[in-house]
Amino acid sequence: MTAKNALFLKPPLSGAGARNVVRDFLYGCWCNGRRIGGMQMPPLTELTACTHARQDGVEPVFLDALVEPERFQALIDTRFEGFFAVAVMSSTQSFRQDVETLERVKALNPGIKAILFGSHPTFMPEYCLQETVVDYLVLREPEDTLRELLGALTRGEPVDELAGLALRHPDGSARINEHRAFVTMDNLPIPDRTLLPAGADYFNPVVKRLPYTTMQTSRGCPARCNYCTAPTFYGNKTRVRSAEKVLEEMREIKRLGYREIFFRDETFSAYKGRNFKIFEGMAAEGMDFSWIANARVDMIDEDSMRAMKKAGCHMLKFGVETGSDEMLVTYKKGTTTDQARWAFAKAREVGLDTHAHIIFGGPGESLDTIRQTIAFVKEIRPSTVTFGILTPYPGTEIFDMVAEKQPEILDGSGSNMENLHTSGFFNESLCGLSGDELSRQIVRAYREFYVRPGYLLERLSKIRSFEELMISLVAGANVMQFALTGRK
Ligand code: SF4
């Protein structure tokens with residue numbers, strides 16, 4: 001090992017559900033965190049940044065310490081010898097534990113530079129720089145800034161002026177440099193998935209075929225939901241990768257033996273023309289992937305659904321959020337319950353499974369709107385649903401609303417990661433319902449939706465393989481435990 005190694009570390013986390021935490025800022029805010037169904041996402045943003053950082057003089061090493069604790073322990077045993085920097089993608093919920101990990105690393109190797117990137121450093125740089133263990137913050141998209149920073153550090157060049165970087169002035173105050181221009185998506189490398197732990201078992205309850213991987217073929221979202229970090233993080237713009245580049249990555253994924261893809265684009269369905277070119281290419285090359293993508297109920301049509309189904313899609317995930325049209329307006333969602341009714345009915349007709357994301361606890365929520373939402377979800381009949389309590393995330397309008405009323409929220413990193421989205425965090429200032437009440441309603445919603453003989457029979461009738469059966473049993477056991485006992 002040379003002295004030019006940079007460690008891209010997905011740090012260890014303690015507590016139940018640690019492996020279910022998603023640090024990505026993708027999907028906006030409320031999808032971060034533990035999933036009742038047991039979902040684990042393979043790292044993607046970290047992997048892309050790590051791949052992009054490779055250059056003359058820098059040899060990045062990737063480590064998911066949650067999946068490879070022995071490898072992490074080996075680095076501790078050798079005091080991180082040979083590394084000049086450690087880069088960690090930090091989310092609001094993982095921030096405090098990430099800082100503890102960096103303190104541990106620096107106690108063993110004081111010369112190593114500690115770098116944070118991701119949503120929390122981007123939206124809360126002053127707070128992050130109060131932690132003296134942190135040397136540099138990379139703001140917004142990490143790839144180009146990290147690459148330049150690591151290159152400059154190895155060459156001993158000054159970095160203080162680098163665009164996209166934040167650091168401390170000599171007097172300890174925060175220095176926040178100008179933002180960097182957003183990357184052109186086709187200029188990003190194909191993430192090197194061979195850096196992932198060999199044979200790692202990233203479980204996902206809605207995936208049909210393992211092993212599965214994730215892809216990001218666009219960044220940003222045309223919508224502006226006020227609880228979501230994605231629009232702001234990406235400068236209220238959307239960018240797509242070309243069909244050619246997407247197909248190139250799919251060829252690589254196929255070569256590596258993956259059988260299913262989870263497209264993690266915020267709104268994959270928004271790019272119909274580009275997507276049709278991808279589907280044509282897949283058909284021409286005989287690519288046999290099953291896949292899942294995110295869609296909005298107002299940004300998809302029947303043609304798209306049919307083309308998606310033909311190209312191997314088996315599930316569309318929609319942010320339904322609520323069964324109240326008034327609350328959809330409050331959330332600035334830009335959709336209506338009628339559009340959701342249409343999208344779920346059409347997907348069912350076309351033969352696509354659907355997943356509905358639901359939020360409780362936003363502005364104006366009441367027990368009546370919660371009852372209305374549960375009834376609405378049963379009416380539109382998604383294949384699966386997740387109910388989560390709204391968490392105010394830095395970088396969103398909702399966070400600013402809460403912070404104005406309750407400045408004690410500080411940087412928002414005090415929420416309980418283990419109970420994220422199943423316990424309330426400052427929701428009382430939004431809607432008057434207590435955290436305990438919202439937690440009870442979440443359990444009730446899971447029970448009312450999932451513990452129904454008709455639902456269970458329908459799910460069982462759709463299972464087509466032993467592999468699907470096994471995945472469904474694990475996910476079903478997790479969901480049932482929560483629905484019946486409130487414990488995860
Ligand atoms: S639709 Fe709304 S919640 Fe989903 S990614 Fe776009 S802005 Fe965020």
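In which loop is K332 found?

**Figure 1. Backbone at K332.** K332 is found in the loop between α11 (325-330) and α12 (337-350); helices are DSSP runs of H or I with at least four residues, strands are runs of E with at least two, and both are numbered from the N terminus. Although K332 is not a glycine, its phi is positive, at about 55°. With a relative accessible area of 44%, K332 is partly exposed (buried means under 20%, exposed over 50%, partly exposed in between; 1.4 Å probe, protein chains only). The model is predicted: local features need pLDDT of at least 70, side-chain atom pairs count only at pLDDT 80 or more, and totals for chains, interfaces and linings use all residues. Residues are numbered from 1 along each chain as its sequence is written, and side-chain values use heavy atoms, with hydrogens and water left out.

**Figure 2. Backbone at R381.** The loop between α13 (367-380) and β15 (384-389) holds R381. R381, not a glycine, has a positive phi of about 55°. Its relative accessible area of 41% makes R381 partly exposed.

**Figure 3. The cis peptide bond between L210 and P211.** L210 and P211 are joined by a cis peptide bond, with omega at about -5°. P211 lies in the loop between β7 (174-176) and β8 (212-215).

**Figure 4. Setting of the close-ups in the chain.** The chain has 18 helices and 15 strands. Its C-alpha trace spans about 65 × 55 × 40 Å along the principal axes. Of the 488 residues in the chain, 61% are buried.
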